[in-house]
Structure formats: C-alpha cells, structure tokens
Amino acid sequence: MTASRTLSVGVIGVGGMGTRHAANLHRSVGMARVAAVYDVDAQRARQAAAQCASPEVFDDPIQLIRSDRVDALVIA
C-alpha cells in the first residue's frame, strides 16, 4: 500500500464493539474508510453503515470477505 492510498475496511459484526470499531475507523483513521459492513441483524448493519458514510451493507459475511472492494477486515 502506498502512502496516498486509502485502506478499505470491512467490518463483520456491528454489535456494540463492532460499531465502535467502525465509528473509530470512520472518524479517526485518516488513511482508512469503512467500505462494507455485515451483521446477522440486518437492521443493525444498516444503522452502523449510516454512522460511517453509508458503506455497502452485505447480507453474507463470506461475500464481504471475498469482495474486491475490501482490503482489510475487522471481525468483532
């Protein structure tokens, strides 16, 4: 990864801790962006996405992991 490239992060599991990780990435990590989220509770995934500039919400964690849009994962 070069210094000017943004790291696209997927977050799997956006309960309490996962949502905090996603929000911290969104607000505090300048070279990262939340690109995708997944949670077994689809409504919770949509709520977390709304807090992070609306990344893609996946309905299958394996599809998120395999996505070309995701460079790194947080599994919470």
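T19 has its place in helix α1 (residues 16-28). Helices here are DSSP runs of H or I with at least four residues, strands are E runs of at least two, and both are numbered from the N terminus. The model is predicted: local features need pLDDT of at least 70, side-chain atom pairs count only at pLDDT 80 or more, and totals for chains, interfaces and linings use all residues. Residues are numbered from 1 along each chain as its sequence is written, and side-chain values use heavy atoms, with hydrogens and water left out.

Stay with T19 for a moment. Is T19 buried or exposed? T19 is buried, with a relative accessible area of 16%. Buried means under 20% relative accessible area, exposed means over 50%, and partly exposed lies in between (1.4 Å probe, protein chains only). The side chain of T19 also reaches the backbone oxygen of V14, at 2.7 Å. That is a polar contact: a pair of N or O atoms within 3.5 Å. Within protein, one atom must be able to donate a hydrogen and the other to accept it, and residues adjacent in sequence count only if both atoms are side-chain atoms.

Now turn to the sheet. Four strands form an open sheet, in the order β3-β2-β1-β4. The pairing is parallel. Two strands pair if DSSP finds at least two bridges between them. Which strands sit at the edges? They are β3 (56-58) and β4 (72-75), and each pairs on one side only. Neighbouring strands of this sheet are turned by 30° against each other on average, direction ignored. Axes for such angles are lines fitted to C-alpha atoms, for helices over the stretch in contact, and the angles run from 0 to 180 degrees between N-to-C directions.

Look at one strand pair in detail. Strand β1 (residues 7-12) runs parallel to β4, and four bridges join them.

I75 leads on to the surface. This residue of strand β4 counts as exposed, at 64% relative accessibility. Together with I62, I65 and L73, I75 makes a nonpolar surface patch of about 360 Å². Patches are made of residues with over 30% relative accessible area and no salt bridge; like charges are joined within 9 Å, and nonpolar side chains (Val, Leu, Ile, Met, Phe, Trp, Tyr) within 5 Å. Accessible areas come from the Shrake-Rupley method with a 1.4 Å probe, and for residues only the protein chains shown count as cover. Both α3 (61-66) and β4 supply at least two residues of the patch.

Charged side chains come next. Side chains of opposite charge can pair when their charged atoms come close. A salt bridge is a side-chain nitrogen of Lys or Arg within 4 Å of a carboxyl oxygen of Asp or Glu. How many does this rule give? The count is three.

Take R5 and D71. Their side chains meet in a salt bridge at 2.9 Å, N to O. The pair links distant parts of the chain, with R5 in the segment before β1 and D71 in the loop between α3 and β4, 66 residues apart. R5 is partly exposed at 40%, and D71 is partly exposed at 34%.

E56 and R69 form another salt bridge, at 2.4 Å, N to O. E56 lies in strand β3 and R69 in the loop between α3 and β4, so the pair ties together parts 13 residues apart in sequence. E56 is partly exposed at 31%, whereas R69 is exposed at 54%.

R44 and D39 also meet in a salt bridge, at 2.7 Å, N to O. Here R44 is partly exposed at 33%, but D39 is buried at 6%.
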